[in-house]
Structure formats: structure tokens, C-alpha cells
Amino acid sequence: EALARTNVLVFPNLYKYNSVLDEATSQFDIPDIGMNLGGKLDAVIYLDKPYILEIKTAGQNLPTNPDTEKPQHVAQARLYSAILGVDSILLYFSRNVSSDMHGRKLKAKEFLYKFDRGQSYKYIFEVALSRYYLDNGFIPPIPSHIKFENKEKACSYCDLVGYCWDLKYKVEREFKFSKQLVEPTKHEIEVANHNAHLFCAEFLKPESIKERRKE
């Protein structure tokens, strides 16, 4: 509502009922890229040009510099930027809302990521590679932004966590994929990489980006 009042909000469409956003229309689907991502943009804003806004709530301690952002949040913002060819802003917003006792200063921190084909290639490649692995019954590689030391926090939602990290306490879970997925051979890995590179080359053509943005 604050973004709408300052006339910078492009998406989502704003439906007001007692000045509250209608939850059903409060997010904007990303274009279908054939990868079954199902992602939704929190907002698109227009200042001097359009920006994708990815909003994350945080606790008392907000990230203060690029080294303290959560890598999975950066990956998400960068991925949306790659899909639409638009700069993205990752906005952390404290659940405490204000940083002073009078409520005059919002407790928030933003990080800007300019659209860059080199950076975009990395994130689109990993999505394409993982999709290829899963579609062909193979265990996908661990995403590069997930490090071993933060595996439990980063992977708690994933049905493949037992495969990737050999976590015995997770193995008893009912894994969605565990019965049919197998480890790929060296040749199968080469084929998967080749196909992912072909997808990226086509995906990041200027005309492809322009068409997705128009959609």
C-alpha cells in the first residue's frame, strides 16, 4: 500500500478492502519457462525503470552487507532478474518493523542486483540442469549456493536431503523421489551439462528475454 501511494507500484494489481490488500491478488506469477518453477514476484516497482522487488522478513538483526545476505535469497532474486532481464532488489524487512521507540524509522535493508547475463547464466544453468536430472530420473547436483556448513538450515524443506548429505536422521522420512532416482553415470552427467548449456544459450538471447518481459 505504501508503494501504491507513492505511485511506484506496477504489480501486483491493488484491490482494497478496508485498505487491506486482497491476498488472492497480491503476487504476480513469473512467465512459464518450462521448468515448473511456480515462482511469484512480490512486486514490480517503477522508479526511473522497472525493478523486481523480492521481500523477505527477518528478525532483529538484518543483513548489513552483501556478505551477510542469505545465499538462497540472493539466488531467488537473481533468478527472477535472469528470467525477465530486469534489475532486482532484495529487501529485508524486520518483523520488529521500527528501529526506534517512536516508530519513525523503518527497520529495513535493501540490496540491488543489476541484470547481468554472466550472473544470470549461472542461475538459469543450475535450474535447467536440476530439471533435466529430475525429468530423467537422476539425483540432481547440490546447488552451488548451498554449503556443507549450512546444509541443515538450507535443505530442511527438500526431499532429497538424505541423498545429498547422507544424513541418517533424515533417511526415515518419506521421500517423494527416493524410490525412482538413481545416481547418473559420467556420460549421463556430460549429456545433462550439454543440454543445460543449450537451454541457457537460447534462454538468454536478447529476443527471448524481451518476449518474456512482454508476456
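User: Let's start with S88: is S88 buried or exposed?

Analyst: A word on the source: this is a predicted model, in which local features need pLDDT of at least 70, side-chain atom pairs count only at pLDDT 80 or more, and totals for chains, interfaces and linings use all residues. Residues are numbered from 1 along each chain as its sequence is written, and side-chain values use heavy atoms, with hydrogens and water left out. For burial, look at relative accessible area: buried is under 20%, exposed is over 50%, and partly exposed is in between, with a 1.4 Å probe and protein chains only. S88 has a relative accessible area of 1%, so S88 is buried.

User: Where does S88 lie, and which residues does S88 touch?

Analyst: Strands are DSSP runs of E with at least two residues, helices are runs of H or I with at least four, and both are numbered from the N terminus. S88 lies in strand β8, residues 88-98. A contact means heavy atoms within 4.5 Å. Leaving out residues up to four places away in sequence, S88 touches I52, A77, R78, S81, F111, L112 and Y113. With A77 there is also a polar approach: the backbone oxygen of A77 lies 3.2 Å from a polar atom of the S88 side chain.

User: How many salt bridges are there?

Analyst: The rule asks for a side-chain nitrogen of Lys or Arg within 4 Å of a carboxyl oxygen of Asp or Glu. By this rule the count is four. One of them joins K56 and E54, with the closest N and O atoms 3.1 Å apart. K56 is buried because its relative accessible area is 15%, and E54 counts as buried at 3%.

User: Which residue forms a salt bridge with D135?

Analyst: That is R131, with the closest N and O atoms 3.1 Å apart. Both D135 and R131 lie in helix α3 (residues 117-135), four residues apart, about one turn of the helix. D135 is exposed at 53%, while R131 counts as partly exposed at 23%. K205 and E202 also meet through their side chains in a salt bridge, at 3.1 Å from N to O. K205 is partly exposed at 32%, and E202 counts as partly exposed at 45%.

User: Now the helix faces. Which residues of α7 are buried?

Analyst: To find a face, take the directions from the helix axis to the C-beta atoms and see what arc they cover. In α7 (residues 206-214) the buried residues are S208, I209 and R212. Seen down the axis of α7, these buried residues fall within an arc of 100°, so they line one face of the helix. The face of α7 turned away from the buried side carries the exposed residues P206, E207, K210 and K214. As for partners, the buried residues of α7 pack against α2 (71-84), α3 and α6 (186-203).

User: What span does α6 reach, and which of its residues are buried?

Analyst: The expected span is 1.5 Å times one less than the number of residues. α6 has 18 residues and reaches 26 Å from its first C-alpha to its last, close to the 26 Å expected. The buried residues of α6 are A192, A196, C200 and F203. Seen down the axis of α6, they fall within an arc of 70°, so they line one face of the helix. On the other side of α6, K186 and H187 are exposed.

Definitions and conventions
Polar contact = N/O pair within 3.5 Å; in protein donor to acceptor, adjacent residues only side chain to side chain.
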